[in-house]
Amino acid sequence: MTKLYLFVRRYLAVMLVFGTLVSFAQQTVTGKVTAAEDGSGIPGVNILEKGTSNGTVSDADGNYRISVGANATLVFSFVGYTTQEVSVGSQSSVNVSLQSDVTALSEVVVVGYGTQEKKEITSSVTSVKAEDFNKGTVNDPVQLLQGKVAGLNITRAGGDPNGGFNIRLRGVGTIGANTEPLIVIDGVIGGSLNSVDPNDIASMDVLKDGSAAAIYGSRGGTGVILITTKSGKAGKVQVDYSGSVATESVARTVDFMDASEYRATTGSVDLGSTTDWLDVVSQNGNAMVHNLSLSGGSKSTTYRTSFNYRGQNGIALNSGFDQINGRINLSQKALKDRATITMNFATTVRDANYGFTESLRYAVIANPTMPVYDNTLTSPTAGGNFNGYAERDIFDFFNPLSIAEQNINEGNDTRILASIRGEYDFSDFIDGLSAAVFYSAQKESDIRGQYYAKTSKFRGFGRNGLANRRTDQRNNELFETTVNYTKDIGNTNLAILGGYSYQDFFNEGFGMEGGNFLTDAFTYNNMGAALDFANGLGSVFSYANSNKLVAFFGRANVNISETYFASVSARYEGSSRFGENNKWGVFPAVSGGVTLSNLVDIPSVNSLKLRASWGVTGNQPGSSYESLQRFGRQGNFFYEGAYVPSYGPVSNANPDLKWETKDEIDIGADFGMLNNKLTGTLDWYTRVTRDMILPVNVPVPPNLFGTTLVNIGELKNSGFEIALNYNAQTGRDFNWSVGGNFSTYNTEVVSLTTGALSFGTGGVLYRANMGAPGQNDFLLVRLKEGQPFGELWGPIQEGVNPDGTPKFSSLDGDATFCNCDADKTVIGNGLPDFTAGLNVSLSYKRFDLTAFFRGAFGHDLVNSYRGFYENRESTTLGNYNVVNTKYYDPTITKAQVNSTHVEDASYVKLDNMQLGYNVPVKPGGTISNFRIYFAGQNLFVITDYTGVDPEVRYQDRIDGDNGGQPGAVDPLSPGIERRSTYFTTRTLTFGVNLSF
């Protein structure tokens with residue numbers, strides 16, 4: 001006991017001495033933090049004792065007080081200023097003057113064939129880094145940018161996991177082919193988005209105006225998106241893993257009657273059951289993502305390799321995909337670091353089950369008193385011939401569950417993209433001179449297979465089983481060489497680029513369709529067993545085509561005193577797709593800017609640059625040989641007991657077919673204020689697209705074919721864009737930022753005629769058939785010279801006639817309405833007046849929260865479901881369910897689309913929200929970063945639109961009627977929601993990020 005007492009007493013004495021020494025070692029430091037430019041105190045500056053968690057924050061006047069240990073170093077940091085470290089020593093007072101951080105101005109931005117510092121950019125370019133991408137379950141790279149860039153609209157109606165996105169930059173830039181921006185991946189022009197996993201992308205740079213895109217010539221007319229993938233860094237090996245699981249549910253569909261409401265409606269047909277058809281054909285979807293990467297390197301060699309898996313099951317039965325992607329990026333320096341070789345290789349394999357959106361379409365309109373199954377042969381819903389699935393003998397209806405379960409619609413896609421770049425610095429011979437060669441090869445392969453069972457009324461029963469199989473392959477090789485020269489002449493820096501480009505495309509494919517099978521067992525894998533090739537119903541096709549692009553390009557950039565900037569570029573390009581007389585074109589550009597903040601002292605303004613630019617870009621036909629006289633197969637005819645193929649002309653020659661060109665002027669400003677806490681960009685642009693490449697009707701004879709592809713018409717586009725970001729730092733623990741963008745659009749059809757030729761009749765063109773049942777002669781869209789693009793066309797309903805038919809306004813001066821253009825008018829416009837995005841980010845200690853809102857305003861949509869089924873017409877009630885939105889009028893007994901079916905589709909969506917937590921890790925341990933997060937996508941939408949999705953429709957594709965295939969995509973007909981729209985979905989995700 002005595003020994004224990006002595007030990008405790010000695011221990012306490014040692015601790016007392018140690019504590020006294022520590023207290024003497026501590027010292028109190030006071031001071032003030034000021035801004036170097038004006039000497040004013042800066043509140044909220046973080047002051048941290050380096051190597052510890054000991055810290056404080058400056059007060060409202062910039063003053064601070066902190067106790068530190070011996071030999072302490074203080075770290076002063078604040079948003080908008082350069083971080084500064086100060087050794088305390090024996091000082092009791094430390095005053096610090098912080099310099100403004102110009103990092104935002106020196107940020108490197110990827111441009112065509114190179115990079116520039118942001119301060120030097122004189123055209124409209126927006127760069128989005130990985131940390132600013134959209135969050136959550138993102139399976140398509142372009143979705144990372146959705147709503148993030150002013151003027152860039154990325155839309156997809158519904159939640160189809162295999163559905164693609166429509167991309168439009170600054171509205172509608174053309175009404176011919178190639179309406180979407182050019183994609184360039186690590187220098188590969190026309191790179192496939194499916195070859196790159198979203199997790200492998202480091203940055204995406206959008207060239208928005210003509211001067212920025214002109215260096216890409218004939219393919220820059222609708223803008224350019226440059227994708228840079230992640231690369232390795234010298235240092236220790238780093239392993240990164242990210243994974244997530246998600247669940248998906250139906251967010252929006254169309255309101256329709258349930259069984260009790262339907263039975264209570266006069267004229268309904270009660271089939272004796274109660275069925276929730278939406279529940280029958282839908283499910284809770286799920287998704288899983290795994291990304292694993294390994295990176296590192298030495299001073300001369302860096303590498304990054306990644307493996308990515310993505311899998312998703314959609315909310316519609318038998319819809320989803322599994323995708324595997326691998327990538328290797330390698331960089332090697334040699335010859336005393338004068339030579340650099342960069343090699344990239346990526347491959348993607350995707351197995352997809354496309355399902356059938358028709359199962360959702362017919363679920364909406366299915367009679368809710370109809371049973372799902374019926375094994376009889378004689379009842380009104382007899383399914384004895386259809387594998388027990390109940391069916392009705394009516395026009396344009398099929399059992400929704402039978403469509404989803406009895407039929408197959410699947411495919412396999414493979415993407416391979418490889419590139420190598422060699423660069424050599426010749427500065428030992430000529431200071432500032434370097435040269436590079438670049439080669440890439442891309443191969444895309446698509447295999448599709450569909451089979452409609454012998455017992456499937458939907459497409460299969462009438463042909464005793466129907467199969468089709470096709471494969472398409474696209475190859476392109478790119479070879480480019482560039483020379484760069486930089487020279488400083490006094491206070492002027494000159495950068496010159498010159499280059500040559502050669503790109504070769506080759507496409508081929510084949511397919512067949514046949515029916516009348518003895519068994520369903522082999523589905524589409526035994527096409528030779530189809531018996532109807534003998535009777536001319538079967539079909540076989542194959543094709544091959546190629547085209548080449550050759551270009552010479554150059555650019556000169558001038559920087560005078562870091563204040564005055566100018567750029568001049570041109571691309572001289574030839575394409576084999578054009579007529580013999582016009583294969584070459586020139587695409588020039590010029591731009592300039594001045595940093596006014598270097599010339600004039602403006603209070604609270606850290607940087608202000610004004611810029612202006614002009615550039616010409618182009619567009620080319622969507623396919624090869626269209627300037628030539630061509631002949632092709634036009635069907636079969638019966639001759640001497642056998643079916644014989646027939647051939648005839650499929651195009652007329654046009655040796656004068658030339659480039660579609662777009663002239664664009666952009667005036668903009670880039671600024672930073674309040675110590676660069678507030679940054680922003682303003683742009684106003686106007687552009688005119690001339691010589692659009694469109695097919696026009698021509699007389700036969702003298703022509704051999706009824707249409708000719710010509711240069712015709714003019715389209716004018718203008719708008720205003722603003723992007724703002726405010727980054728606040730209120731203290732050491734809590735920080736927040738908010739950013740937003742706003743864009744306006746105005747697109748006018750200036751002309752649809754050239755000389756005696758007219759796209760349409762007399763400068764007017766009507767398009768977009770409403771379809772069946774009963775409205776095949778009704779066109780929904782008008783294009784007219786001198787009017788806005790995207791006009792929706794139809795009669796104005798002013799009431800209901802005594803017989804229940806809609807009462808329409810007579811607009812032609814008499815008292816009687818006729819179903820003619822004279823009594824129809826503009827009843828809406830499918831394009832938005834403006835779009836906006838808002839991003840909010842908060843962080844508190846280890847927690848972070850981001851939310852992104854997106855909206856489009858002023859656009860209208862034709863609600864096709866309402867136009868067909870929101871009425872009490874006997875055909876509707878006898879055959880289908882009744883759409884039952886807030887606009888339903890039970891007194892209307894005739895289905896005819898009109899002004900009441902065109903709705904304002906303006907909306908605001910909470911596109912995604914993410915809450916994350918950075919789990920503490922042991923310093924120097926195996927795990928260097930551990931983060932978990934919860935995310936939600938499409939959490940809510942605010943809109944008055946009653947259809948499936950208020951998203952802007954930039955193009956149209958008419959539904960197939962009575963089991964037929966959908967029509968071709970029509971970029972001239974925006975603003976229509978068709979019945980085959982996949983329902984919108986809401987996604988909840990849990991994910992984890994780990995670094996080792």
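Guide: In this predicted model, Glu 562 and Lys 119 form a salt bridge through their side chains, with an N to O distance of 2.8 Å. Glu 562 sits in the loop between β26 (539-560) and β27 (564-575), and Lys 119 in the loop between β9 (114-117) and β10 (125-129), so the contact ties together parts that are 443 residues apart in sequence. Glu 562 has 37% relative accessibility and counts as partly exposed; Lys 119, at 24%, is also partly exposed.

A second salt bridge pairs the side chains of Asp 396 and Arg 979, at 3.8 Å, N to O. This pair links distant parts of the chain, 583 residues apart: Asp 396 belongs to the loop between α6 (357-365) and α7 (400-406), and Arg 979 to the loop between β52 (976-977) and β53 (984-995). Asp 396 has a relative accessible area of 0% and is buried. Arg 979 is at 1% and counts as buried, because the cut-off for buried is under 20%.

Asp 446 and Arg 415 also meet in a salt bridge, 2.9 Å from N to O. Here the partners lie in strands: Asp 446 in β23 (residues 433-452) and Arg 415 in β22 (residues 408-425), 31 residues apart. Asp 446 is buried at 10% relative accessible area, and Arg 415 is buried at 6%.

Other salt bridges share partners, and one network formed in this way joins Arg 170, Lys 208, Lys 609, Arg 611, Lys 662, Glu 664, Asp 666, Asp 670, Asp 683 and Glu 721. The count of salt bridges comes to 49.

Definitions and conventions: Residues numbered from 1 in each chain as written. Predicted model: local features only at pLDDT ≥ 70, side-chain atom pairs only at ≥ 80, totals over all residues. Heavy atoms only, no water. Salt bridge = Lys/Arg side-chain N within 4 Å of Asp/Glu carboxyl O. Helix = DSSP H or I, 4+ residues; strand = E, 2+ residues; numbered from the N terminus. Buried < 20%, exposed > 50% of the residue type's maximum accessible area, 1.4 Å probe, protein only.
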